[in-house]
Amino acid sequence: MLRPLRWISWLCAGLLALSSSAHALSPQQAYAIAAGEPDARITALNQAVAEADPALGRLVQALLDDQVRVAGSVAYVVQADVAVGAVIAGSEAPAPLPLDAEEVVNNNRMRAALEAVMGALRLVSPEAKVRQAAIQTLSQQALLPAQLPLIDKALAVEPDLGLQAQLKMMRATLWLASEERDQRLQAAHLLGQSAQSQAKSLLQDRLGPEGETDLEIRSALMMSLAAVENRLAWGERLGVLFTGLSLGSILLLVALGLAITYGLMGVINMAHGELMMIGAYATYMVQNLFRQHLPGYFDAYIVAAIPASFLVAALVGAALERSVIRWLYGRPLETLLATWGISLMLMQAVRSLFGAQNVAVENPSWLSGGVQVLSNLTLPYNRLAIIVFAFLVLGGVALMIAKTRLGLFVRGVTQNRRMAACVGIPTARIDTYAFSLGAGIAGLAGCALSQIGNVGPDLGQSYIVDAFMVVVTGGVGQLAGTVYAALGLGVLNKLLEGVAGAVLAKIMVLVCIVVFIQKRPQGLFALKGRSADA
């Protein structure tokens with residue numbers, strides 16, 4: 001089915017070339033474009049552009065490359081080496097370059113007109129990528145009425161539906177300023193089908209005091225403006241929802257480790273944010289190693305950084321548990337003070353090793369850019385990857401806690417330490433494993449955060465309070481509650497930011513959590529069984 005359509009498109013392109021050859025660029029036209037005052041040159045250029053002659057494209061490119069000379073009433077396009085000779089513009093006939101030939105000077109206005117015409121001529125290129133680039137270039141520039149015939153010809157032979165829609169919008173933009181009433185009315189209806197902010201601006205300008213005077217067309221313009229604003233509003237709503245889910249996934253990653261150390265073990269670890277910071281710096285170091293020793297595989301550095309950040313943070317967590325925290329179980333206030341002091345020591349250690357300034361962590365090429373869903377909604381690849389990564393980590397933690405021998409031992413020790421010791425479970429070793437696991441997950445959160453922001457000694461301070469709020473709101477020791485609380489608080493925070501600003505939104509979220517905890521102290525999901533009664 002695609003092959004006949006392709007043949008038809010190329011047949012139309014051939015007919016277009018035949019029709020344009022009947023109005024080939026003449027030497028007189030070429031001279032008028034190359035010599036004289038800018039206004040006269042632009043007028044001659046606009047008269048020639050509608051014919052889409054390939055010779056015009058070569059002349060325009062030569063003018064942009066400063067390879068055109070004029071002598072008498074003839075314009076010459078010089079070759080790469082002037083000594084070789086030249087060809088007469090408009091006839092392509094070889095000719096010696098006169099000694100008195102003068103260079104053509106293009107001011108900024110003339111150069112802008114030439115670039116616009118060059119972009120318009122590329123609309124009929126046989127290569128889809130060239131046509132798409134030409135449409136994007138023209139959409140960012142002021143369209144000229146003289147370009148309308150060429151846009152019509154390009155639209156007649158364009159096989160791609162997406163490019164057709166963009167060409168129709170460009171034609172509607174030119175029609176909107178037309179002197180013919182029917183074209184302006186049709187343009188008003190066509191612009192109403194758009195979901196681009198550019199169409200909104202065009203409609204608003206046309207509805208201004210010096211715009212459209214016809215009442216019927218003004219009514220159509222207002223209806224189209226309302227339709228475009230409605231579509232753009234949906235893009236903004238979906239953007240807020242995606243941003244909230246993105247923030248929620250980050251909070252989920254941050255809170256997962258805390259859900260183990262605080263929710264299951266009862267340790268108020270104020271150094272959790274610094275363990276995230278260590279994971280981010282581990283990612284930074286892996287990036288530098290790949291850049292220096294494996295530059296050809298730089299885009300794969302994040303694959304190696306994920307286990308590295310987990311292991312480094314887990315080892316630091318194991319050292320903290322064995323040296324300090326193991327002596328403070330069951331004493332929450334002392335644990336809080338001790339881990340707060342440890343967090344200050346870790347931040348100072350990082351400042352001494354890497355400096356107080358932020359370090360740059362570069363995204364791999366496959367995490368750069370994004371997918372455009374709507375004209376005003378682009379989903380960045382790095383944010384999408386973090387959402388997927390957060391749920392993969394969540395699934396791994398849930399499976400480990402519920403299905404593995406280590407998970408069984410962790411649950412047994414946290415529910416009844418004495419009974420677990422009586423049946424032969426090494427409780428001290430399990431404490432170290434559990435705390436290391438929570439610290440390693442914090443390192444994974446730091447690895448993810450390095451892909452969306454700067455990495456510095458104060459990285460963890462921005463998330464530690466939010467992580468505690470997620471764990472408390474979801475229910476202590478409940479992974480499901482952590483998921484619901486993280487996503488819910490992320491979306492709620494972004495919704496309130498659009499109404500009250502970032503600072504007031506934080507305050508309002510905190511007030512909501514305080515009120516919620518007053519009404520439901522156990523959080524969203526309460527513990528069940530013996531642990532709930534203890």
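Modeller: Accessible area is computed here by the Shrake-Rupley method with a 1.4 Å probe. By that method, the chain exposes about 27400 Å², and carbon and sulfur atoms supply 62% of this area. Please bear in mind that the model is predicted.

The chain has 534 residues, of which 45% are buried. Its secondary structure consists of 22 helices and seven strands. Among contacts with a separation of 6 or more, 69% are between residues 24 or more positions apart.

Five strands form it, in the order β4-β3-β2-β1-β5, and their pairing is antiparallel. Strands β4 (93-95) and β5 (102-103) stand at the edges; each has a single partner strand, so one side of each is left without a neighbour in the sheet. Strand β2, residues 74-78, pairs with strand β3, residues 86-88, in the antiparallel sense through three bridges. Within this pair, Tyr76 has Ile88 of β3 as its bridge partner. A helix also packs on the sheet: α2, residues 27-34, touches β1 (68-71), β2 and β3, and its direction makes about 80° with that of β2.

The other antiparallel pair to consider is β6 (residues 370-374) with β7 (residues 377-380), joined by four bridges. These two strands form a hairpin with two residues between them. Gly370 has Pro380 of β7 as its bridge partner.

Helix α13 runs over residues 301-323; at 1.5 Å a residue, its 23 residues should span 33 Å, and the end C-alpha atoms are 33 Å apart, so the two values agree. The buried residues of α13 include Tyr301, Ile302, Ala305, Ser309, Leu320 and Glu321. The helix's buried residues pack against α12 (272-293), α14 (332-354) and α18 (427-449).

Finally, we may turn to the interior. In soluble globular proteins, nonpolar side chains tend to be buried together. The largest nonpolar core of this chain has 78 residues, and the members that touch the most others are Leu253, Val254 and Val393. Leaving aside residues up to four places away in sequence, Val254 touches His272, Met276, Ala445, Leu449, Tyr463 and Ala467.

Terms used:
Residues are numbered from 1 along each chain as its sequence is written. This is a predicted model: local features need pLDDT of at least 70, side-chain atom pairs count only at pLDDT 80 or more; totals for chains, interfaces and linings use all residues. Side-chain values use heavy atoms; hydrogens and water are left out. A nonpolar core is a set of buried Ala, Val, Leu, Ile, Met, Phe, Trp, Tyr and Cys residues joined through side-chain atoms within 4.5 Å. Buried means under 20% relative accessible area, exposed over 50%, partly exposed in between (1.4 Å probe, protein chains only). Contact means heavy atoms within 4.5 Å. The expected span of a helix is 1.5 Å times one less than its number of residues. Two strands pair if DSSP finds at least two bridges between them. Axes are lines fitted to C-alpha atoms, for helices over the stretch in contact, and angles run from 0 to 180 degrees between N-to-C directions.
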